[in-house]
Amino acid sequence: MDLTFQQVDVFASEAFQGNPLAVVVGADALSDTQMAQIANWTNLSETTFLLKPTHPEADYRVRIFTPHTELPFAGHPTLGSASVWQALGGRPQAEHIMQECGAGLIPVRAQAGQLAFAAPPRCRTGAVDPHVLATIIKSLGLTAGDILAAAWADNGPGWIALHLKNREAVLAIQPEWTLLHGHMVGVVGAWDPVRDGTEAQFEIRAFAGEGQGWEDPVTGSLNASIAQWLIERGAAPSRYIASQGTVLGRTGRVCVEQAADGEIWIGGSVSPRIIGRLVVS
């Protein structure tokens with residue numbers, strides 16, 4: 001079986017500076033086991049599989065796999081999958097592209113040469129158990145005094161969000177992965193315009209405690225839930241740019257915009273880097 005395959009770079013305008021995504025097109029004949037094997041083999045943070053939709057309003061359906069598990073939703077896979085679907089001739093039924101995934105229907109729109117998805121509702125919010133929070137703080141080499149706020153910000157992957165004093169504190173984190181095991185943690189801190197410049201307003205880092213532990217370069221789902229959390233608390237304006245991937249040598253840029261109707265859109269650039277065929281024996 002030969003399938004169309006692309007690898008795209010998401011959330012960066014410069015080549016090889018964002019988060020790569022593998023996209024397998026027309027994957028309806030693949031089994032769950034084959035999808036999991038392919039995602040483990042690509043060894044990227046996520047691999048997606050484009051399928052025929054089952055919902056009448058959806059333009060396509062996507063399944064999202066990490067090397068270890070399947071996710072109901074993820075951000076950079078949403079933008080990357082929509083971009084590939086569109087590049088291969090896909091045309092939306094309505095005003096926006098409508099993606100079907102484990103989290104339901106996700107609208108994707110074009111804006112200023114980029115794509116943006118509507119931030120899905122969080123499935124868990126509120127306070128984090130004090131013992132869990134203490135473990136996470138210790139695993140990141142922080143103290144309670146470093147934390148401005150903490151909360152669940154889970155829209156599928158299981159994110160817990162920490163708001164730190166500034167970008168410098170975010171960039172200084174050196175996680176102890178054995179303590180972080182089992183937790184998905186996002187950290188945000190504001191840029192100082194004088195010290196850091198004005199290209200972005202917030203710095204984001206995403207720590208995944210699955211497997212041996214790893215840091216995600218640029219994370220759409222986390223940026224979506226953090227944007228909801230910051231804006232509803234009055235800790236961020238209705239429009240801003242987040243930087244992510246700095247410590248990993250990336251220049252990821254995520255555009256956040258709250259529309260007049262209150263919907264929050266998470267956008268960025270998507271560029272194809274590998275186009276070919278995937279041979280499944």
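**A walk through the chain**

Guide: Let us begin with one residue in this predicted model: setting aside neighbours within four places in sequence, His163 is in contact with Asp146, Ile147, Leu148, Ala149, Val188, Trp229, Leu230, Arg233 and Ala235.

Visitor: Is His163 buried or exposed?
Guide: A residue is called buried when its relative accessible area is under 20%, and exposed when that area is over 50%. His163, which lies in strand E11, residues 159-164, has a relative accessible area of 8%, so His163 is buried.

Visitor: Which side chain is joined to that of His163 by a polar contact of 3.4 Å?
Guide: The residues that His163 touches include Asp146, Trp229 and Arg233. The polar contact of 3.4 Å runs between side chains, and the partner of His163 in it is Arg233.

Visitor: How many helices and how many strands does the chain have?
Guide: Strand E11, the place of His163, covers residues 159-164, and strand E1, which holds Gln6, covers residues 2-10. Counted over the chain, the elements come to 7 helices and 18 strands.

Visitor: What share of the 281 residues is buried?
Guide: Gln6 is counted as buried because its relative accessible area is 6%, and buried means under 20%. Ala208 is buried as well, since its relative accessible area is 2%. Over the 281 residues of the chain, the buried share is 54%.

Visitor: What distance separates the C-alpha atoms of Ala208 and Asp261?
Guide: Ala208 lies in strand E13, residues 202-208, and, leaving aside neighbours within four places, is in contact with Trp177, His183, Met184, Gly213 and Trp214. Asp261 is 53 residues apart from Ala208 along the chain, and their C-alpha atoms are separated by 33 Å.

Visitor: Where is Asn43 found?
Guide: Most residues other than glycine have a negative phi. Asn43 is not a glycine, yet has a positive phi of about 60 degrees. Its relative accessibility is 58%, so Asn43 counts as exposed, and its place is the loop between helix H1 (32-42) and strand E3 (47-51).

Visitor: What is the relative accessibility of Ala112?
Guide: Ala112 is not a glycine either, and has a positive phi of about 50 degrees. Its place is in the loop between strand E7 (104-111) and strand E8 (114-118). Ala112 counts as exposed because exposed means over 50%, and its relative accessibility is 85%.

Visitor: How far apart do the centres of the positive and negative side chains lie?
Guide: The chain exposes about 12000 Å², of which carbon and sulfur atoms supply 51%. Its charged side chains comprise 18 positive and 27 negative ones, and the centres of these two sets lie apart by 2 Å.

How values were computed. Residues numbered from 1 in each chain as written. Predicted model: local features only at pLDDT ≥ 70, side-chain atom pairs only at ≥ 80, totals over all residues. Heavy atoms only, no water. Helix = DSSP H or I, 4+ residues; strand = E, 2+ residues; numbered from the N terminus. Buried < 20%, exposed > 50% of the residue type's maximum accessible area, 1.4 Å probe, protein only. Areas by Shrake-Rupley, 256 points an atom, 1.4 Å probe, with all protein chains shown as cover. Lys, Arg positive; Asp, Glu negative; His and termini not counted. Charge placed at Lys NZ, Arg CZ, Asp CG, Glu CD. Polar contact = N/O pair within 3.5 Å; in protein donor to acceptor, adjacent residues only side chain to side chain. Contact = heavy atoms within 4.5 Å.
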